[in-house]
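Biologist: I would like to learn how to read a model of this kind. Please take one feature at a time.

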Amino acid sequence: VYYLSQAMQKQERLAAAENMIKNYVQKYPGNKEILIEMVNIYIDTDRKEQAVEALNEAIALDPNNVALVFTAGTIYENMEDFENAEKQYLKALEMDPKDVNSLSAIGGLYFNKGADVNNAANKLEFGDPNYDKMVAESKDYFKKSVPYLEQATEAKPEELTYWIALRDAYGKAGDVEKF
């Protein structure tokens, strides 16, 4: 199914490939690999909701597969669904506490949430009473990102982007000494 799907896509027959895969999903409902190919088509065509739906079916078939759970987190994050992304990344880390992809992803998720809240605070009118509350909330997210980014840099010290993210998280969290 995978090779046939890839061949059809290279021939620019995406709709035919998708229909073929859907037929095989119905014919073999317990086949995780066919579902994953369906997920890939949905991702490639930017249909995130359908991708996560098919991915959740694959996770139900293989609930201990860290890569599937991590991918679900990534899709949710791309959908700007913070709560589900966080849930999936934390679930992936429960399954494999040393998974560097999950460590950096959850650290990045918290860092980005802190940046979003901080940016929203900066757009408030001068003197808005919510400003201080939002800045404090953003700092909490930055602080929350630090342990995950620290673990990611320890696990993969050659990865410069982890060090940069960690440095920035220290700075945004107000830890001048570690920054």
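**Reading a helical model**

Modeller: Asn101 lies in helix H7. Helices here are DSSP runs of H or I with at least four residues, numbered from the N terminus. This is a predicted model, in which local features need pLDDT of at least 70 and side-chain atom pairs count only at pLDDT 80 or more, while totals for chains, interfaces and linings use all residues. Residues are numbered from 1 along each chain as its sequence is written, and side-chain values use heavy atoms, with hydrogens and water left out.

Biologist: Is Asn101 buried, partly exposed or exposed?

Modeller: Buried means under 20% relative accessible area, exposed means over 50%, and partly exposed lies in between, with a 1.4 Å probe and protein chains only. Asn101 has 40% relative accessibility, so Asn101 counts as partly exposed.

Biologist: What does Asn101 touch?

Modeller: Contact means heavy atoms within 4.5 Å. Not counting residues up to four places away in sequence, Asn101 touches Phe70 and Tyr162. Ser104 also lies in helix H7. Ser104 counts as buried because its relative accessibility is 17%.

Biologist: Which residues touch the most other members of the largest nonpolar core?

Modeller: In soluble globular proteins, nonpolar side chains tend to be buried together. A nonpolar core is a set of buried Ala, Val, Leu, Ile, Met, Phe, Trp, Tyr and Cys residues joined through side-chain atoms within 4.5 Å. The largest one has 41 residues, of which Ile21, Met38, Leu55, Ile59, Tyr89, Ile106 and Leu109 touch the most other members. Helices H2 (14–27), H3 (32–44), H4 (48–61), H5 (66–78), H6 (82–95), H7 (100–122) and H8 (130–155) each supply at least two residues of this core. H7 gives the most, with eight residues. Another core of eight residues lies apart from it, and includes Phe111 and Leu166.

Biologist: What span should H5 have?

Modeller: The expected span of a helix is 1.5 Å times one less than its number of residues. The 13 residues of H5 should therefore span 18 Å, and this agrees with its end C-alpha atoms, which are 18 Å apart. Among the buried residues of H5 are Val66, Phe70 and Ile75. The buried residues of H5 pack against H3, H4, H6 and H7. Just after H5, Glu80 takes a positive phi of about 60°.

Biologist: Which residues line the largest pocket?

Modeller: Rolling a probe the size of a water molecule over the atoms shows where empty space is left. On a 1 Å grid over the protein atoms alone, a pocket is an open set of points where a 1.4 Å probe fits, with protein on both sides within 12 Å along at least five of seven lines; lining residues have an atom within 4 Å of a point. The lining consists of Glu77, Glu80, Asp81, Phe82, Leu109, Asn112, Lys113 and Asp116. H7 provides the largest share of this lining, four residues.
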